Amino acid sequence: MKLFVTGGAGFIGSNFILYWMKKYPEDKIINFDKLTYAGNLENLKEVEKNPNYEFIQGDICNKRLVEDVTRNIDIIVHFAAESHVDRSILDASPFIQTNIVGTHVLLEAAVKNKVPRFHHVSTDEVFGALPLNSTEKFMDTTPYNPHSPYSASKAASDHLVRAYGDTYGLQYTLSNCSNNFGPYHFPEKLIPLAITNIIEGKKVPVYGDGLYVRDWLYVLDHCEAIDAIIKKGTIGKTYLVGGLTDDISNIDVIKKIITIMEVDESVITFVKDRPGHDRRYAIDWSTINKELGWSPKHTFETALAETVEWFKKNEEWWKRIKSGVYKDYYNTQYK
Ligand code: NAD
Ligand code: TYD
């Protein structure tokens, strides 16, 4: 099989490529990535010389290039996106461009080149927010109600994918997953920011009252879910993918990291809240479990400890990021 992976130099995309090439060494992968601030080829050192792996630097908004490079492939696995909510609040334009226009360009190319399969990776944030202290979870029937420019742009991309299925017969599957964490997580998202700030002796910024709830999914469990969907998923279907956390607040996530890293709670600092901050996310992943036999394998505690270990062992990787372009963003966001 020949896979065309967009955004393969990012957090989840690079984990996916490493996972796939280990599990299916006979398959060929083209990694198509613009290498924005979030794209990092260092994540893929392990496979860069593998003859079955090819990297093409390019923008999914570049119609001519995308049409050209998506010929004779078996599947497009679409990760490429602007993915950070806080950045979308500072400037939504790249989100509209990449997440909506870029997805449209890719869909047009898929139809024109008769690409047999398209898998779109999306987020649970398209569903909006759930109230605290309820047992309600997001399901594949939950209506869309996005609140940030990021989630609104991802919602638009999901609608486009489905529209191309209904209108042009595109053979697609779609997954909406919860917050991923694990190796190669860009150190401006909550978990890697907390771990790396603690290593650097800095404070850990917690937005608002810290009582926001996310569903945390270990990135390797996510890769297995996408694998199951690609191999066994029903065309035209959406699968919700979530982790094993049970309504854990941001402050409790930080406290777990603090315990693992054996530091004092005085590292926590409460900072100004994010505007439009979604209170709670929770995922009902029973459909993918029943239909495809997938369930997350990693408990939050084990995977979090492994993630802390990974960041301790890979200081060079994140220190390079934190000393670069990231710095300007950090200074604006936490000024
Ligand atoms: P990321 O920001 O780490 O990586 C995104 C990658 O896309 C980068 O390598 C970047 O260079 C590339 N890219 C950005 N714009 C591009 C463009 N115009 N053309 C080509 N490449 C471009 O993101 P991630 O966390 O790995 O997320 C991957 C996908 O999963 C996204 O679609 C995101 O919406 C979705 N998702 C992520 C999470 C999460 O917790 N990280 C949760 C749910 C869904
Ligand atoms: P984030 O990792 O940005 O993911 P998302 O917004 O896509 O869920 O944030 C996870 C949660 O952590 C979210 O409720 C915002 C919160 N948060 C903080 O409290 N402090 C921070 O410095 C960051 C980056 C996030």
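A crossing of two helices is called right-handed if the near helix is turned clockwise from the far one by less than a right angle, and left-handed if anticlockwise. In this predicted model, local features need pLDDT of at least 70 and side-chain atom pairs count only at pLDDT 80 or more, while totals for chains, interfaces and linings use all residues. Residues are numbered from 1 along each chain as its sequence is written, and side-chain values use heavy atoms, with hydrogens and water left out.

Helix α6 (residues 190-199) passes helix α10 in a right-handed crossing. Contact here means heavy atoms within 4.5 Å; I191, P192, I195, T196 and I199 of α6 meet F300, L304, T307, V308, F311 and K312 of α10. This contact comprises eight nonpolar, two polar and one charged residues.

From α8, the residues V253, K256, I257, I260 and M261 touch F300, E301, L304, A305, V308 and K312 of α10. Here the classes are eight nonpolar, no polar and three charged.

Turning to the cysteines, the count of disulfides (sulfur pairs within 2.5 Å) is zero. The sulfur of C177 is too far for a bond, because the closest cysteine sulfur, in C223, is 10 Å away. C177 is buried, at 6% relative accessibility (buried being under 20% relative accessible area, with a 1.4 Å probe and protein chains only).

Terms used: Chains lettered and ligands numbered in written order. Helix = DSSP H or I, 4+ residues; strand = E, 2+ residues; numbered from the N terminus. Nonpolar A, V, L, I, M, F, W, Y, C, P; charged D, E, K, R; others polar. Buried < 20%, exposed > 50% of the residue type's maximum accessible area, 1.4 Å probe, protein only.
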